[in-house]
Amino acid sequence: MLDLSQFADDQTVAFGIGLRKDLAFHVDALRKERVLVLTTPQQSDLGLGLAEQLGAKAAGIFSKAVMHTPVEVTAEALAHLQSVKADCVLSAGGGSTIGLGKALALRSDLSQIALPTTYAGSECTPILGQTENGIKTTLKDPKLRPDTVLYDPELVATLPAAMTVTSALNAMAHAVEALYAQDRTPASDELALFGLKSFKDGLPKVVATPGDLAAREETQRGAWACGTVLGRVGMALHHKLCHTLGGSFDLPHAETHAIVLPHAVAYNATAVPDLLAPAAELFGHSNPALAFWYFAKSVNAPTALKSLGLKESDLDRAADLATKNPYWNPRDISLNGVRNLLQRAWSGEAPQP
Ligand code: NAD
């Protein structure tokens with residue numbers, strides 16, 4: 001088992017069934033007294049239960065978190081936070097809810113506790129993407145990283161089967177791109193491979209038995225490792241493609257990552273076969289792109305962007321946008337290469353270099 005303490009990044013991180021019941025202890029440990037509970041509208045019942053459990057330490061509930069952290073929602077939440085005099089937020093949810101907690105931490109001096117309910121990994125990063133007038137900008141600041149992260153497997157056990165798979169592949173994509181990041185280190189490689197192995201071992205068990213809490217915890221350890229490495233090194237073509245498809249074509253976040261991953265790996269594997277070989281080996285394959293393609297198919301992941309509603313006539317514009325202001329990438333980014341990649345990902349063909 002990987003020793004977590006060497007990677008802790010000034011966070012308190014814990015894993016365990018029923019951990020959410022220790023919330024009051026963690027609020028006291030941060031020396032905070034008034035907690036605003038944050039959720040999406042879909043997870044408001046979870047928020048109500050947590051507020052009830054916090055009793056006198058609960059200052060209120062704000063259940064309007066949405067994808068991509070629009071500044072208007074943050075402004076409304078900030079007004080609520082100030083009116084109830086909260087000194088701490090409890091972000092109970094996936095990347096959208098944790099993003100709102102971060103946006104509030106940016107604008108006020110408060111502590112953040114995260115109870116992740118997906119595998120996206122935002123709880124481990126000092127990164128926030130927020131949207132204003134339809135434009136998403138990303139910033140990095142150490143104060144954005146939640147102070148305490150409690151991984152309770154019962155909270156991911158409620159994820160629908162399809163989202164369990166796509167969210168896991170979203171997390172795995174952070175680890176894959178970390179393996180060939182320009183600023184990678186031996187520690188980031190170790191984290192990335194640990195994250196990939198946790199999902200390789202845990203995800204098939206969770207797909208077979210969604211309520212298997214030991215396997216859910218294994219996948220959460222994977223989410224922690226993949227999220228932590230996302231916060232430490234730069235991402236490349238895969239993330240640029242997914243940000244373009246999400247930002248300009250409104251495609252859903254986790255599903256898009258799940259579909260694009262084997263294709264982005266195929267594109268980059270020719271440039272850095274040695275850096276991707278350990279990942280391919282982990283999945284028992286010599287070709288890294290096919291390793292992720294077959295793994296994704298084995299857990300019933302979606303494989304075609306057209307199934308998400310992207311039109312074939314959008315592919316030229318998507319390729320154009322994804323190759324403008326590209327992130328650093330181990331292989332030169334060519335418009336033609338990216339257009340071909342998108343065509344295959346759109347129709348659901350096997351990945352090719
Ligand atoms: P999400 O938080 O948007 O959740 C998607 C839907 O699933 C929501 O309706 C939510 O209520 C529901 N849901 C979440 N957990 C559930 C559960 N356990 N049971 C039932 N329903 C549940 O999804 P996400 O993929 O976790 O987050 C995506 C957002 O996070 C994007 O905006 C992305 O940009 C951001 N993100 C940011 C970072 C970062 O480091 N800043 C990292 C990863 C993702």
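Of the 22 residues around the ligand, the ones that come nearest are Thr40, Ser96, Thr117, Thr118 and Thr125. Before I go on, please keep in mind that this is a predicted model.

I'll start with the make-up of the shell. Which helix gives the most to the shell? That is helix 4, residues 95-107, which supplies three residues. As for domains, the shell takes at least three residues from domain 1, which runs 5-155, and at least three from domain 2, which runs 161-347.

Thr117 places a polar side-chain atom 2.7 Å from a nitrogen atom of the ligand. With Leu155 the backbone is involved: one of its polar backbone atoms is 2.9 Å from a ligand nitrogen. Lys136 has a side-chain N or O atom 3.1 Å from an oxygen atom of the ligand. How much of the ligand does the protein bury? On its own the ligand exposes 860 Å², and 84% of that is buried by the protein.

Last, helix 6, residues 161-179. Does its length fall in line with its residue count, or out of line? The two agree, because 19 residues at 1.5 Å a residue should span 27 Å, and the end C-alpha atoms of helix 6 are 28 Å apart. Helix 6 is also mostly covered, with 16 of its 19 residues buried.

Note on methods. Residues numbered from 1 in each chain as written. Predicted model: local features only at pLDDT ≥ 70, side-chain atom pairs only at ≥ 80, totals over all residues. Heavy atoms only, no water. Helix = DSSP H or I, 4+ residues; strand = E, 2+ residues; numbered from the N terminus. Expected span 1.5 Å × (residues − 1). Buried < 20%, exposed > 50% of the residue type's maximum accessible area, 1.4 Å probe, protein only. Near = heavy atom within 4 Å. Polar contact = N/O pair within 3.5 Å; in protein donor to acceptor, adjacent residues only side chain to side chain. Areas by Shrake-Rupley, 256 points an atom, 1.4 Å probe, with all protein chains shown as cover. Domains from an automatic or database assignment.
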